[in-house]
Amino acid sequence: MKKPWYEYMWIISVLYLILGFFNILFAWLGMFCFIIPLLISIIKGNKSYCNKYCGRGQMLTWLGKKIGISRKKPMPRWMTKKWFRYGFLAFFMIMFAQMIFVTFLVFKDVRGLSETVKLLWTFKIPWSFAYKVTGLPLWISQFAFGFYSVMLTSTILGIITNILFKPRSWCIYCPMGTMTQLICEIKDKS
Amino acid sequence: MAKRVAKLQKDLCVACGTCVKVCPKNAISIYKGKYAQVDESKCIGCSLCAKECPASIITIKTKEVVA
C-alpha cells in the first residue's frame with residue numbers, strides 16, 4: 001500500500017534543522033509548526049496535526065523504532081500527569097516570552113544582535129556561521145536565532161526522552177500538543 | 001466467554017495518536033482531539049497499542065462477554 005503524503009513530513013523536520021546551520025533566517029519557517037496545529041485545533045477541534053502531520057513525531061518514531069535508539073521503557077508516572085504537562089507548557093511559554101522580549105530590545109536598539117543559539121535555555125553556542133548580513137532589520141535575525149534555539153532545544157529534549165523512554169515520549173509534554181488538546185477540550189465544552 | 005481488550009486511562013491520554021497508527025484492526029480513534037477511544041467490538045487485545053503508547057496508559061484486560 002502506498003504511504004500517504006503526510007507520512008513524509010519527517011523530511012521537512014530534518015531539513016529544517018539542517019537549514020538552520022546554513023542560514024538562520026530559515027528558522028522563521030518553524031512558525032508553521034506553531035500556527036498550523038493551533039489553527040487546526042481552533043477551526044476543526046481535533047488533533048490531526050499530532051495524529052497525522054507532525055514531522056517531529058515521525059522523526060522521533062523513526063529514530064526510536066527503525067534506528068532503535070530507544071530503551072523503550074515506560075516513562076515515569078509523574079511525567080504523564082497534568083501538572084507536569086501544564087507546568088512544562090507554562091515554563092515553555094515564559095521562555096518564549098523572554099525570547100520575544102529580547103527580540104523587542106533589539107528592535108528598539110537597546111541591545112545588539114546576539115549571533116548565538118541558546119541550548120536548553122542555558123548554553124550559548126556561537127552561531128555566526130549561519131548569519132549573513134542581509135540589510136534586513138536586525139530584530140528579524142534576532143528572532144530567528146531565538147526561534148531556532150527553541151526548536152533545537154525541544155528537539156534535543158525530545159531525543160533525550162526518546163532514548164530514555166519510549167519513542168515519541170516528547171508528545172506527552174510537547175507544549176503544542178498540550179495546548180491543542182486544551183483548545184479541543186474547551187471547544188468541546190462550549 | 002472471555003475476551004481480551006485494550007483499556008486506557010482517559011485522563012492521562014494526550015491524544016497523540018500513536019496507538020491509532022499501530023492498531024491492525026482500526027479499532028482506535030481520537031475522540032475530538034481529547035483522548036483515544038477503543039472500539040471494543042473491533043479490539044482483539046493484541047497489545048500493540050499498549051506497547052506503543054508513550055505514556056504507557058493502555059493495558060489489556062479480560063472482559064466477560066455474554067455469547
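Where is Ile69(A) found? Select Ile69(A): this residue sits in the loop between helix H4 (55-66) and helix H5 (77-80) of chain A. Keep in mind that the model is predicted.

**Stop one: around Ile69(A)**

Ile69(A) counts as partly exposed, because it has 14 C-beta neighbours inside 10 Å. Now show its contacts. Leaving aside neighbours within four places in sequence, Ile69(A) touches Leu63(A), Gly64(A), Asn162(A) and Ile163(A). Gly45(A) and Ile69(A) are 24 residues apart along the chain, and 34 Å separates their C-alpha atoms.

Select residues 116-119 and 123-126 of chain A, which are strands E1 and E2. The two strands run antiparallel, and four bridges join them. Pick Val117(A), then look across to E2(A): Ile125(A) stands opposite.

**Stop three: helix H9**

Select residues 175-189 of chain A, helix H9.

Which residues of H9(A) are buried? Colour Pro175(A), Met176(A), Gly177(A), Thr178(A), Thr180(A), Gln181(A) and Cys184(A). Finish by showing what these buried residues pack against: helix H2 (32-44), helix H3 (48-53), helix H6 (82-107) and helix H8 (170-173) of chain A.

Notes:
Residues numbered from 1 in each chain as written. Chains lettered and ligands numbered in written order. Predicted model: local features only at pLDDT ≥ 70, side-chain atom pairs only at ≥ 80, totals over all residues. Expected span 1.5 Å × (residues − 1). Buried ≥ 20, exposed ≤ 12 C-beta atoms within 10 Å, placed from the backbone. Contact = placed C-beta atoms within 7 Å. Pairing = 2+ DSSP bridges.
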